[in-house]
Amino acid sequence: MKQTTIYLSLVASLFFAACSGNSSSEQENKPIVSQKQMEASEQASAGSQVAHPGKAVYDKYCLVCHQADGSGVPGMYPPLTPNEWIADKDKMIHVALNGQSGEIEVNGETYNNLMPPHDYLSDQELADVISYVRSNFGNDLEAVTKEEVAAARK
Ligand code: HEC
C-alpha cells in the first residue's frame, strides 16, 4: 500500500517534470510533494481500482512469480488470468494453501515447476488474496471466506 503510494507519487513527479519542462535536478531537490502531484496520485489510484485487502498480500507473496498484472512468466509461472484453476474455488484454495508441483496445463500451456505452500498465512490473509485474484486480472468470480479456507486447512 505504502509502496504503491510512493510509486504513484514518483510517476506523478516524473509526469510533471516532463510536462513543465523544468530541469530534473530542480524537481529532485523539492522535498515536499505539491498539491497538484497529490491530486494526480489520487486520480491515478481512482483510475485503477479501490484497494482490495488482498492486494497487499498478493504484492508480498505472489507477485514475485505471477507478476503485478497476473500474467505470469511463460514456461515458468502460469498466469492468474481466467483459467480452470481459479474458476474452481476448492482447487484454488488448495493451491494457495499447499502449493503445487508437477506437470500442469493452464490455458493450453504446460508448466512443470514448483509453487511453495502458503499455509503460514492466516485464514483471513488467504481468503483475501484468493478473493483478490478471483476479482482481478480479468476474473469476475465470487469471493472466498476465511471459513472456507479454515475448512480446507483441516
Ligand atoms: C515461487 C513462485 C510462486 C509464488 C510465490 C506463488 N506461485 Fe502460484 N504458482 C507457481 C508455479 C510454478 C505454479 C505452477 C506449478 C506447477 O507447475 O505444477 C503456480 C500455480 C498457481 C495456480 C494454479 C495455476 C494458475 O495459473 O491458475 C494458482 C491459482 C496460483 N499459483 C496462485 C498463487 C497465489 C494466490 C500465490 C500467493 C499466495 C502464489 N500463487 C504464489 C509459482 C508461484
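**Helix α8 and its partners**

In helix α8, Asp-123, Gln-124, Leu-126 and Ala-127 meet Lys-146, Val-149, Ala-150 and Arg-153 of helix α9, where contact means heavy atoms within 4.5 Å. This is a predicted model, in which local features need pLDDT of at least 70 and side-chain atom pairs count only at pLDDT 80 or more, while totals for chains, interfaces and linings use all residues. Residues are numbered from 1 along each chain as its sequence is written, and side-chain values use heavy atoms, with hydrogens and water left out.

**α8 with α9**

- By class, the contact of α8 with α9 has four nonpolar, one polar and three charged residues; Ala, Val, Leu, Ile, Met, Phe, Trp, Tyr, Cys and Pro count as nonpolar, Asp, Glu, Lys and Arg as charged, and the others, Gly among them, as polar.
- The axes of α8 and α9 (residues 146–153) come within 8 Å and cross at roughly 115 degrees, the axes being lines fitted to C-alpha atoms over the stretch in contact and the angles running from 0 to 180 degrees between N-to-C directions.
- The two helices, α8 and α9, are therefore roughly perpendicular to each other (angles under 35 degrees count as roughly parallel, over 145 as roughly antiparallel, 65 to 115 as roughly perpendicular and the rest as oblique).

**α7 with α8**

- Helix α7 (residues 89–98) packs against α8 (residues 123–134) at an angle of about 125 degrees, with the axes 11 Å apart, which makes α7 oblique to α8.
- From α7, Lys-89, Met-92, Ile-93, Ala-96 and Leu-97 meet Leu-126, Ile-130, Val-133 and Arg-134 of α8, a set of residues that divides into seven nonpolar, no polar and two charged.

**Lys-89**

- Lys-89, found in helix α7, is buried, with a relative accessible area of 15% (buried means under 20%, exposed over 50%, and partly exposed in between, with a 1.4 Å probe and protein chains only).
- Leaving aside neighbours within four places in sequence, Lys-89 is in contact with Arg-134, Glu-142, Ala-143, Val-144 and Glu-148.
- The side chains of Lys-89 and Glu-148 are joined by a polar contact of 2.9 Å, a term for a pair of N or O atoms within 3.5 Å of which, within protein, one must be able to donate a hydrogen and the other to accept it, residues adjacent in sequence counting only if both atoms are side-chain atoms.

**Positive phi in loops**

- Most residues other than glycine have a negative phi.
- Phe-137, in the loop between α8 and α9, has a positive phi of about 55 degrees although it is not a glycine, and at 15% relative accessibility Phe-137 counts as buried.

Notes. Helices (H or I, at least four residues) and strands (E, at least two) are DSSP runs, numbered from the N terminus.
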